[in-house]
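This report describes a protein chain for a reader who is new to structural analysis. The sequence and the structure are shown below, and the text then considers selected residues in turn.

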Amino acid sequence: MKTGLIVYVTGKQPPGIDQDNLPIIENLEFRPDALEVITASEGHFDISDAWWSLVSRGMDHVICTIAHWTADGKICLTTRQLRLCG
């Protein structure tokens with residue numbers, strides 16, 4: 001079973017961060033087969049848009065986790081997760 005991960009990043013993106021070169025997301029419990037990132041300024045329109053992108057690429061199990069920007073421009077994952085299925 002392929003697993004996809006959606007990272008929903010809350011808060012204002014620090015200046016100088018390029019969407020194509022996002023900071024590496026550390027402390028993942030697993031390595032997903034595909035990753036989608038949603039930020040306030042760029043990325044997918046919403047979670048369902050990112051979910052559809054992953055499902056259309058063959059992901060059977062999709063997890064959505066919430067993250068936030070730190071002051072130094074890194075992405076910090078929270079412990080809150082949603083399992084998306086359909």
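The model is predicted. Pro-15 lies in the loop that runs between β1 (3-10) and β2. Its relative accessibility is 80%, and Pro-15 therefore counts as exposed, since the cut-off for that class is over 50%. Although Pro-15 and Gly-73 are 58 residues apart along the chain, their C-alpha atoms are separated by 8.2 Å.

**Overall architecture**

The protein contains one helix and four strands. Read from the N terminus, these elements follow the order β-β-α-β-β. The protein has 86 residues, of which 37% count as buried. It exposes about 5600 Å², and carbon and sulfur atoms supply 52% of that area. Consider next the contacts in the protein between residues at least 6 apart in sequence: 63% of these join residues at least 24 apart.

**A residue in strand β3**

Thr-65 is placed in strand β3. Is this residue, Thr-65, buried or exposed? Thr-65 has a relative accessible area of 3%, and it is buried because this value falls under 20%. When neighbours within four places in sequence are left aside, Thr-65 is in contact with Leu-5, Ile-6, Val-7 and Tyr-8, and also with Leu-77, Thr-78, Arg-80 and Gln-81.

**The salt bridge**

Side chains of opposite charge can pair when their charged atoms come close. How many salt bridges does the structure hold? The structure holds one. This salt bridge is formed by Arg-57 and Glu-36, whose closest N and O atoms are 2.2 Å apart.

**Accessibility of the residues discussed**

The table gathers the relative accessible areas of the residues described above.

| Residue | Relative accessible area | Class |
|---|---|---|
| Pro-15 | 80% | exposed |
| Thr-65 | 3% | buried |

Conventions. Residues are numbered from 1 along each chain as its sequence is written. This is a predicted model: local features need pLDDT of at least 70, side-chain atom pairs count only at pLDDT 80 or more; totals for chains, interfaces and linings use all residues. Side-chain values use heavy atoms; hydrogens and water are left out. A salt bridge is a side-chain nitrogen of Lys or Arg within 4 Å of a carboxyl oxygen of Asp or Glu. Helices (H or I, at least four residues) and strands (E, at least two) are DSSP runs, numbered from the N terminus. Buried means under 20% relative accessible area, exposed over 50%, partly exposed in between (1.4 Å probe, protein chains only). Contact means heavy atoms within 4.5 Å. Accessible areas come from the Shrake-Rupley method with a 1.4 Å probe; for residues, only the protein chains shown count as cover.
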